[in-house]
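Subject: Handing over the structure

Dear colleague,

I am passing this structure on to you, together with some notes on what turned up when I went through it. Please look at the sequence and the coordinates first, and then read on.

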Amino acid sequence: MTKSEKAIHSLTMQINSGAWKIGEKIPVEEELSKQIGVGRNTLREAVAALEQQGVLRRIQGSGTFLCQEFSPHAKETVKAPVSGDVHVFCTCYYGHMEADFYGREILHEMSCRLAERGDRLLVEVLSDARQIRDKLIARAEELSGGCIFLNGLIPGDRELRYLAGKNIPVAVLGRPIGVESVACVGNDDAEEVRIGIRHLAEHGYKRIGMINGTSAFAGHHLVIDAYKEVMEEFGLAFEPRLLGESEPFCFADAKNAARALFERCPDMDALAVSGDRAVLGALEAVRERGLRIPTDIAFFMFGELPWIQDLAPVRLTGVRHDLRGMADQLLSMLDALKNRPSEGKKCVLLPPLFIPGRSCGCVPPPSHPKQGAGMKNS
């Protein structure tokens with residue numbers, strides 16, 4: 001290790017120990033060089049390196065100030081014993097975990113797998129992403145087994161650099177943000193749309209409407225491209241007016257989007273909707289127009305959850321995320337990062353699982369003939 005590298009290490013150890021607060025001016029060169037035992041030229045090189053990383057900031061005539069407490073160079077001189085326990089930091093889409101089937105099922109799958117090898121899943125539910133930094137600092141010594149972020153609780157570059165500096169493996173469920181590389185698992189939303197639109201087209205539907213997430217969602221253009229791709233595959237014209245946008249967890253937003261679709265395209269014969277509460281909102285718009293599923297209009301659901309089926313007028317056809325596959329992938333990624341840190345950071349998109357139902361007319365209701373009135377044959 002060079003003198004400059006040793007100086008950087010000494011400075012980052014002080015920063016991460018809380019010697020200075022964010023926004024606080026650090027000691028002048030003479031005092032600081034004595035503290036860490038290096039010459040002024042070496043100290044200047046170390047400060048310049050940390051300034052380039054955004055950790056420190058020099059202001060002409062005022063001094064040098066701390067911008068952040070996380071640094072990729074921070075290392076502990078004494079490492080804590082490695083544990084196989086995995087920490088999960090998550091939030092809840094519905095305010096409490098009992099109502100959150102999606103997150104709860106993934107946690108259950110991971111817990112079972114870890115229990116088989118004698119390790120534990122330790123879960124911390126946060127109200128929002130702003131709490132991530134404080135929790136990581138408080139629990140840093142316990143995270144040697146790795147940590148996973150769920151339910152839209154995505155760490156930023158600063159948190160990822162901090163964890164990397166402590167050699168803590170990280171995996172994220174969802175799309176990463178920032179520029180730092182991170183192992184992540186997600187659902188293949190574009191394939192989800194291909195399955196749904198293709199299923200409807202194969203059963204003779206031609207005016208297929210779709211309500212998906214807003215254009216602000218990452219990958220929105222990939223979803224639209226998948227819709228166009230399938231329509232073209234079946235020789236169906238692409239009409240932008242058949243597409244609507246809605247927040248996937250907002251009943252009212254999806255209800256209004258579906259109303260607008262019906263106004264623009266009264267001859268629409270099928271509707272595919274993404275998101276659990278959005279599905280219920282669209283179903284309410286269908287009911288308002290006095291339409292029967294699937295006699296008057298077919299319905300396909302992206303993102304199946306059990307309680308939606310309980311509230312739907314018929315068993316809905318759709319797709320759901322592979323929750324067990326996601327749990328397995330997240331834990332496998334952590335294991336890979338422990339053994340091969342430089343090779344384990346990859347992004348995996350899992351294909352969705354098809355859920356058969358009666359809302360497309362391809363499965364007859366119990367005790368009714370398949371060629372019943374208003375139903376389309378497979």
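Let me begin with I293, which, leaving aside its neighbours within four places in sequence, is in contact (heavy atoms within 4.5 Å) with L283, V286, F299, P313, V314 and S359. Before going further, please note that this is a predicted model, in which local features need pLDDT of at least 70 and side-chain atom pairs count only at pLDDT 80 or more, while totals for chains, interfaces and linings use all residues. Residues are numbered from 1 along each chain as its sequence is written, and side-chain values use heavy atoms, with hydrogens and water left out.

I293 is found in the loop between helix 10 and strand 11, where helices (H or I, at least four residues) and strands (E, at least two) are DSSP runs numbered from the N terminus. At 12% relative accessibility, I293 counts as buried, a word that stands for under 20% relative accessible area, with exposed meaning over 50% and partly exposed in between (1.4 Å probe, protein chains only). I293 and C360 are 67 residues apart in sequence, yet 7.6 Å apart in space from C-alpha to C-alpha. The peptide bond from I293 to P294 is cis, with omega near 0 degrees, and P294 lies in that loop between helix 10 and strand 11 as well.

N167 has a positive phi of about 60 degrees although it is not a glycine, and N167 is partly exposed, with a relative accessible area of 46%. As background to both features, most residues other than glycine have a negative phi, and most peptide bonds are trans.

Turning to the chain as a whole, there are twelve helices and 14 strands, and buried residues make up 49% of the 378 residues. Of the contacts with a separation of 6 or more, 68% are between residues 24 or more positions apart.

The largest nonpolar core has 51 residues, and I197, L200, M210, L271, F299 and L316 touch the most other members; such a core is a set of buried Ala, Val, Leu, Ile, Met, Phe, Trp, Tyr and Cys residues joined through side-chain atoms within 4.5 Å. Among the elements that each supply at least two residues of this core are helix 7 (189-202), strand 8 (208-212), helix 9 (251-264) and strand 11, while the largest share, seven residues, comes from helix 10. Apart from this core lies another, of 25 residues, among them V88, M326, A327 and L337. L316, not counting residues up to four places away in sequence, touches V279, L283, F299, M301, I308, Q309, I355, P356, G357 and S359.

How is strand 12 (residues 317-320) joined to strand 11 (residues 298-302)? Three bridges connect these two strands, which run parallel, and the bridge partner of M301 in strand 12 is G318. Strand 12 is also joined by three bridges to strand 14 (residues 353-355), this time antiparallel, with G318 standing opposite I355.

Helix 4 (residues 101-116) has 16 residues and reaches 23 Å from its first C-alpha to its last, close to the 22 Å expected at 1.5 Å a residue, where the expected span is 1.5 Å times one less than the number of residues. Its buried residues are Y102, G103, I106, L107, E109, M110 and L114. They cover an arc of only 160 degrees around the axis, taken from the directions from the helix axis to the C-beta atoms, which puts them on the same side of helix 4. On the other side of helix 4, A115 and E116 are exposed. The buried residues of helix 4 pack against strand 3 (86-90), strand 4 (121-125), strand 5 (147-149), strand 6 (170-173) and helix 12 (323-339). Helix 4 is followed by G118, whose phi is positive, near 85 degrees.

L330 touches M110, I148, L150, A171, V172, L173 and V185, not counting residues up to four places away in sequence. The C-alpha atoms of L330 and C147, 183 residues apart along the chain, are separated by 9.7 Å.

With best regards

Key:
Two strands pair if DSSP finds at least two bridges between them.
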